[in-house]
Amino acid sequence: MKEDAPGAVLKRERVRDFILELVESQRPGDAIPSERALCAQLGVSRPTLRAAVDELVAAGLLVREHGRGMFVAPEKITQELVSGQQTMTAPQASGAWSSRLLEFTTFVAGARVGRKLRISPAAEIVYVARLRLVDGAPMAIEHLHIRADLVPALSAEELEAGDLYEHLREQHGVYVQEAVQAIEPTVVTRAEAELLDVPELSPALLFERLTSDTTGQPVEYVHSIYRGDRYRIVSRLTLDPSATAQPARLGHHPGIPPGDFAHRDTIASSTRGDIQSAP
C-alpha cells in the first residue's frame with residue numbers, strides 16, 4: 001500500500017480492511033504483527049495505522065496488552081432477535097451463561113418503578129442485582145424489579161441457576177407471556193467498569209424490558225448493561241407473506257418490496273419478541 005493513496009480517510013479504511021482480513025483469518029487470542037511491522041508492510045505512517053487499530057480495539061475486535069502486543073479479541077456473544085409472532089421463544093444467546101448475585105432485597109417500589117409495574121409506590125418489590133457471565137467472563141449487569149406479591153418465596157438459588165422465567169412458572173405460578181424491550185447505546189460508569197472488567201466509559205448496550213403475564217399485568221421491570229465490546233444483536237427480518245402475493249408495482253424503489261408501508265407492515269422487525277432471560 002502506498003503512503004500517497006488518495007485521502008486520509010480512504011487510506012485509514014484500506015488499512016482497517018487489511019487488519020480485518022488478518023483478524024478474520026485467525027483465532028481469538030492469536031497475536032497479530034506489531035504496529036511497526038504493519039506500518040512497514042502497508043507503507044503507511046504510525047498515526048494512520050494507529051487510527052485504524054484504535055477503531056478495531058473500540059469495536060471489540062482487537063485487544064491491546066501493554067508490553068505484549070495486539071491480539072485477536074474473544075468472539076462476541078450473539079443474541080438473535082426473532083419475529084414478534086414468536087413471543088417467549090427468543091433463541092438463547094451463544095455461550096454458557098451463569099449468574100453471580102450482587103444484591104437481593106425487598107423494598108417499596110417508589111414512584112418510577114411503581115408506575116412501570118402499575119402498582120402503588122408503597123407496594124413492595126423484590127430487587128435483584130446480578131452479574132451475568134458467559135463462559136466465566138463478565139458480560140452484563142442486570143437490575144431486576146419484580147412484584148413482591150407474586151414471588152413471596154423467591155430464593156437466591158433461583159436467581160443464580162436456570163432460567164428465571166421457568167422458575168416463575170414452575171415455582172411461583174407466574175406465567176409471563178410478552179415483553180416490550182428497548183435497546184440503546186451507553187457507556188459504563190466506574191462501578192460498572194470494575195464489575196465488567198472493562199475501562200471506565202467503555203461502550204455498552206442498555207436494555208430496558210417490561211415483562212407482562214397472560215392477563216397483561218406487568219410482572220417485572222429490568223434494566224441491564226451489556227458490554228459493547230463482547231455482545232451484539234442480530235435481527236432476522238421476515239417478508240410479510242401477504243406482500244409476496246401482491247403483483248409488482250411499476251416504479252417501486254429497487255431493493256424495497258412492493259407494498260404500501262403506510263397501511264401494512266411489509267417488513268416485520270424482530271425486536272418485540274426478544275424477551276428471553278438468559279439462563
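I count rings of Phe, Tyr and Trp (its six-membered ring) as a pair if their centres lie within 6.5 Å; planes under 30 degrees apart are stacked, over 60 edge-to-face, and the rest tilted. The model I am reading is a predicted one, where local features need pLDDT of at least 70 and side-chain atom pairs count only at pLDDT 80 or more, while totals for chains, interfaces and linings use all residues. Residues are numbered from 1 along each chain as its sequence is written, and side-chain values use heavy atoms, with hydrogens and water left out.

**Entry 1: aromatic rings**

I looked up the ring pairs and found six in the structure. Tryptophan 97 and tyrosine 231 make an edge-to-face pair, 6.3 Å centre to centre with 85° between the planes. I noted that this pair links distant parts of the chain, since tryptophan 97 is in strand S5 (residues 97–108) and tyrosine 231 in strand S11 (residues 231–235), 134 residues apart. Helices (H or I, at least four residues) and strands (E, at least two) are DSSP runs, numbered from the N terminus.

I then checked accessibility, taking buried as under 20% relative accessible area, exposed as over 50% and partly exposed as in between (1.4 Å probe, protein chains only). Tryptophan 97 is buried at 11%, and tyrosine 231 is buried at 5%.

Next I took phenylalanine 107 and tyrosine 127, whose ring centres are 5.8 Å apart with planes at 45°, so I list the pair as tilted. Phenylalanine 107 lies in S5 and tyrosine 127 in strand S6 (residues 124–134), so this pair ties together parts 20 residues apart in sequence. Phenylalanine 107 is partly exposed at 36%, whereas tyrosine 127 is buried at 13%.

I also recorded a cluster in which ring pairs link Trp97, Phe207, Tyr226 and Tyr231.

**Entry 2: strand S9 and its partners**

I call two strands paired if DSSP finds at least two bridges between them. S8 (residues 176–187) and S9 run antiparallel and are joined by eleven bridges. In this pairing I find valine 176 opposite aspartate 213 of S9. S9 also pairs with S10 (residues 218–227), again in the antiparallel sense, over nine bridges. Here serine 212 stands opposite proline 218 in S10. S9 and S10 form a hairpin with four residues between them, and glycine 216 in the turn has a positive phi of about 90°.

Is S9 enclosed by the rest of the structure or exposed? Eight of its eleven residues are buried, so I put S9 down as largely enclosed.

**Entry 3: salt bridges**

I counted a salt bridge where a side-chain nitrogen of Lys or Arg is within 4 Å of a carboxyl oxygen of Asp or Glu. The count comes to 14. One of them joins arginine 50 and glutamate 35 at 2.6 Å, N to O. Arginine 50 is in helix H3 (residues 46–58) and glutamate 35 in helix H2 (residues 35–42), 15 residues apart. I get arginine 50 as partly exposed at 37% and glutamate 35 as buried at 11%.

Glutamate 65 bridges to arginine 68, with the closest N and O atoms 2.4 Å apart. Glutamate 65 is partly exposed at 31%, and arginine 68 is exposed at 57%.

Arginine 190 and glutamate 200 also meet in a salt bridge, at 3.4 Å, N to O. Arginine 190 is in helix H7 (residues 190–196), and glutamate 200 is in the loop between H7 and strand S9 (203–213), ten residues from arginine 190. Arginine 190 is exposed at 57%, while glutamate 200 is partly exposed at 42%. Last, I noted that salt bridges with shared partners join Glu35, Arg46, Arg50, Asp54 and Arg64 into one network.
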